[in-house]
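Colleague: I would like to learn how to read a structure like this one. Could we go through some of its features in turn?

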There are 2 protein chains.
Amino acid sequence: MELRHLRYCVAVADARHFTRAAETLGIGQPPLSQQIMALERELGTPLFRRLPRGVELTSAGTAFVEDARRILRDVDQATARARRVARGELGRIRIGMINSAPFHPLIPKVIREFRRRYPAVALSLEERTTPGLAAAVRNDTVDAAFVRPLLEEEPDLCSEPLVAEDMVVALPSGHALAARVRIPLLALSIEPFVLFSRAVGAGLHEEIIGACRAAGFAPRVVQEASQVTSIVNLVAAGLGVSIVPASMQRVHTEGVSYRPIQRPVPKARLSLIYRSADSGAPHILNLLALTRQLTAPRERVRRA
Amino acid sequence: MELRHLRYCVAVADARHFTRAAETLGIGQPPLSQQIMALERELGTPLFRRLPRGVELTSAGTAFVEDARRILRDVDQATARARRVARGELGRIRIGMINSAPFHPLIPKVIREFRRRYPAVALSLEERTTPGLAAAVRNDTVDAAFVRPLLEEEPDLCSEPLVAEDMVVALPSGHALAARVRIPLLALSIEPFVLFSRAVGAGLHEEIIGACRAAGFAPRVVQEASQVTSIVNLVAAGLGVSIVPASMQRVHTEGVSYRPIQRPVPKARLSLIYRSADSGAPHILNLLALTRQLTAPRERVRRA
DNA sequence: GCGCTTCGATACGTCCAATATATGAAAAGC
DNA sequence: GCTTTTCATATATTGGACGTATCGAAGCGC
């Protein structure tokens, strides 16, 4: 059986007339008769009662035509659905992000705009560390993720650099250095540091350590944390100082002061990663297009 | 698009492999590739991602294959349904019957057995007069009906004679004639009659009047009724005597006595009528087969 | 690195089946 | 009784689905 048989069958049922149905279908009457006969042979029962004037449905025909209409509608809907999914208008996307991502204005903006543009796409969000997100994307638990730079190139992943913002020093409020407007990194050489472990902080950790080394010292880490929000809270508790992305200043945590760093200023980079295999996937393309569009040109970072 | 495309698409999705899917389908790999490509062209999007080792579904492919599976299942179900309807195992049948029919053992037996054999057939029952039923069958309000003989042949209806049972005299209990074992019709010549009007009673009315006329008198009708049950009640109320089918004796109405009639005994015939157009319809065939089977051979009546 | 294997795509020929054209047959209407 | 209507049948045609042969790209193993 083919859809042709269903289409013809429905046309005859609508017209109650072979010749007219054939005209509607744009074919001749004999082939229509033959196809209907073939269908009736396959079903093992007549679908139409041939009358002197046109035809009428048998009970089996009534039942079958009813089903055929539904099936043809379903085929159309399946077609439309596949097209919508292909355009990324329908389906789901699982987006991951690091703890600090929501504080950079770009990310909430992207998420909000994505929901607005593709309301039929089920969007789920997940927060993990950068290496955790890389793993999640690789094994298809998450489709795309906003992360800090990875320590090493991942073969199956694509990475789109998005923004690089200045980092700032986070100090306990009463700290002596808080009096200064702009802090040279070397001033922090004797300070206890609250930082990510390298395994968790990935590229961001490297950037900070690198900047300190360039300034001529190795930071003395007294406390590690896996999330920026924790780091800020630990600084507020007076455990030490830290260097965090400037966007963290938006979190007005009691007991923490932020100060800009004297040049050269270390940068906190954000990238969007996704599976290379998905580079043609509509949701990914849409998300990429959106982030590129929402990233102001001056902020945009050239791929390394 | 044709069902072929859906079948091929599902096969490839199952095998994740064109060559193996082609083997499963019993066709070569090149035609399979072509058909899938044609489908992808029609949908305007790839359904499969061609990998070095086999293929995998795109998001559009996942959505489409899901729908395709459902549609193919639906096609099978539609086929099965049409066959079941054709065999009369599924659907509905509207059966009509005259007021006196349920008292003849055949009719309840037929109805009961039909429900038992075809439980998936929705059976509805309707009670009307013989002419009312003929009209109902003709204009497709009822599919088949148990009726008394029609006054004249109806062109679009088929009539299957079923049984002819003796008629008996119904007397008010205290009536003088109740003393007799068997009543000659002529004894009723002076009695007031309770009868159907000719328009309602149709053939049964004719049979009674004809029998009386053969006995040498015309019954004096003092009260008309459109249902046998009413007639029995009116006899019980003492309005007159009547002649009713023997099976009415099963209704033990207070105040009525039944007595057999001396030969020649008028007969109450029962027929099954249905649209000639439906003579091939499965439910009708099943119902006919059932009534014929349940009518004991000795009771069976030869078609006039 | 080179050849081998795997697997889908391409090229081209073949054949079946869907369609077209012409005609027949049955029934209804004037 | 003839015409009209309408579906079925007969035969021819053609498009497209399929088969065979081959290519090309990507891994894989020695």
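Modeller: We start with residue classes: Ala, Val, Leu, Ile, Met, Phe, Trp, Tyr, Cys and Pro count as nonpolar, Asp, Glu, Lys and Arg as charged, and the others, Gly among them, as polar. Keep in mind that this is a predicted model.

Colleague: How do the residues of the surface near DNA strand D divide into nonpolar, polar and charged?

Modeller: That surface has 8 nonpolar, 7 polar and 3 charged residues. Around DNA strand D there are 18 residues, and those that come nearest are Phe18(A), Pro30(A), Ser33(A), Gly28(B) and Pro30(B). Two or more residues each come from α2 (18-25) and α3 of chain A and from α3 of chain B. The largest share, 4 residues, is that of α3(B).

Colleague: Which residues are the closest to DNA strand C?

Modeller: They are Gly28(A), Pro30(A), Phe18(B), Pro30(B) and Ser33(B), out of 18 residues that surround DNA strand C. By class, the surface near DNA strand C holds 7 nonpolar, 8 polar and 3 charged residues. At least two residues each are supplied by α3 (29-43) of chain A and by α2 (18-25) and α3 (29-43) of chain B. With 4 residues, α3(A) gives the most to this surface.

Colleague: Now the two protein chains. How many residues does the contact take from chain A and from chain B?

Modeller: Chain A gives 29 residues to the contact and chain B gives 28. On the side of chain A that touches chain B, α1 (3-15) and α4 (59-86) each supply at least two residues. The most, 16 residues, comes from α4(A). By class, this side of chain A has 16 nonpolar, 6 polar and 7 charged residues. The size of an interface is often given as the accessible area lost when the parts come together. Here we simply list residues.

Colleague: Which residues have the most contacts inside the largest nonpolar core?

Modeller: Cys9(A), Cys9(B) and Ala144(B) do, in a core of 110 residues. Take Cys9(B): beyond its neighbours within four places in sequence, its contacts are Ile36(B), Leu39(B), Leu47(B), Phe64(B), Val65(B) and Ala68(B).

Colleague: Is Ala268(A) buried or exposed?

Modeller: A residue is buried if 20 or more other C-beta atoms lie within 10 Å of its own. Ala268(A) has 25 C-beta neighbours inside 10 Å, so Ala268(A) counts as buried. This residue is found in strand β11 (residues 267-275) of chain A. Not counting residues up to four places away in sequence, Ala268(A) touches Ala164(A), Glu165(A), Met167(A), Leu204(A) and Pro245(A). Met167(A) is 101 residues apart from Ala268(A) along the chain, yet their C-alpha atoms are separated by 6.0 Å.

Colleague: In what sense do β6 and β10(A) pair?

Modeller: Strand β6 (residues 157-172) of chain A pairs with β10(A) in the antiparallel sense, over 5 bridges. Val168(A) stands opposite Pro260(A) in β10(A). Strand β10 (residues 256-260) of chain A is mostly covered, with 4 of its 5 residues buried. In a regular strand the side chains alternate between the two faces of the sheet.

Methods
Residues numbered from 1 in each chain as written. Chains lettered and ligands numbered in written order. Predicted model: local features only at pLDDT ≥ 70, side-chain atom pairs only at ≥ 80, totals over all residues. Buried ≥ 20, exposed ≤ 12 C-beta atoms within 10 Å, placed from the backbone. Pairing = 2+ DSSP bridges. Near = placed C-beta within 6 Å. Contact = placed C-beta atoms within 7 Å. Core = buried A, V, L, I, M, F, W, Y, C linked by C-beta atoms within 7 Å.
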